[in-house]
Amino acid sequence: MSGLDWDAEATLHERDDDGSELQYNFTELKTGALRDVVAEVAAMDSAQRARLVIAVAGGQSLGVSEILALAKQEGLA
């Protein structure tokens, strides 16, 4: 296990800009347990997940590469 609380509340966001890593202009798409949100992103094709970020309760955020690595590590992909 990665040390993350897989039951923690997580929010899936999509960047509204042109792919900047700056955290502004985000649209909230979904809220749920981290495990569920990571699994949902892992199931998407690369075009769908290109501009997604997961915000985890406690202030951590996960970019697409981190999400996919966690999904693979945890058998969610």
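Predicted model: local features only at pLDDT ≥ 70, side-chain atom pairs only at ≥ 80, totals over all residues.
Me: Which side chain does the side chain of Glu74 make a polar contact with?
Reply: A polar contact is a pair of N or O atoms within 3.5 Å; within protein, one must be able to donate a hydrogen and the other to accept it, and residues adjacent in sequence count only if both atoms are side-chain atoms. Glu74 lies in the segment after α3. At 3.5 Å, its side-chain partner is Gln73.

Me: Which residue forms a salt bridge with Glu40?
Reply: By the rule above, the count comes to one salt bridge, and its closest N and O atoms are 2.5 Å apart. The pair links distant parts of the chain, 10 residues apart, with Glu40 in helix α1 and its partner in strand β2. Glu40 counts as partly exposed because its relative accessibility is 31%. At 29%, its partner counts as partly exposed too: that's Lys30.

Me: What pattern does the protein chain follow along the sequence?
Reply: Helices (H or I, at least four residues) and strands (E, at least two) are DSSP runs, numbered from the N terminus. The chain has three helices and four strands. Read along the sequence, they go β-β-α-α-β-β-α.

Me: What order do the four strands take in the open sheet?
Reply: Two strands pair if DSSP finds at least two bridges between them, and the pairing here is antiparallel. The edge strands, each pairing on one side only, are β2 (26–33) and β4 (60–62). The order is β2-β1-β3-β4.

Me: Over how many bridges do β1 and β2 pair?
Reply: On its β3 (residues 52–56) side, β1 (residues 9–15) pairs in the antiparallel sense over five bridges, with Thr11 opposite Ala55 and Leu12 partnered with Ile54. On the β2 side, Glu9 stands opposite Ala33. There the antiparallel bridges number seven.

Me: At about what angle to β4 does helix α3 run?
Reply: Axes are lines fitted to C-alpha atoms, for helices over the stretch in contact (heavy atoms within 4.5 Å), and angles run from 0 to 180 degrees between N-to-C directions. Helix α1 (residues 34–43) lies across β1, β2, β3 and β4, at about 125° to β2. Helix α3 (residues 64–73) lies across β3 and β4, and its angle to β4 is about 85°.

Me: How many of the seven residues of β1 are buried?
Reply: Of the 77 residues in the protein chain, 34% count as buried. β1 is mostly covered, and its buried residues number five.

Terms used
Residues numbered from 1 in each chain as written. Heavy atoms only, no water. Buried < 20%, exposed > 50% of the residue type's maximum accessible area, 1.4 Å probe, protein only. Salt bridge = Lys/Arg side-chain N within 4 Å of Asp/Glu carboxyl O.
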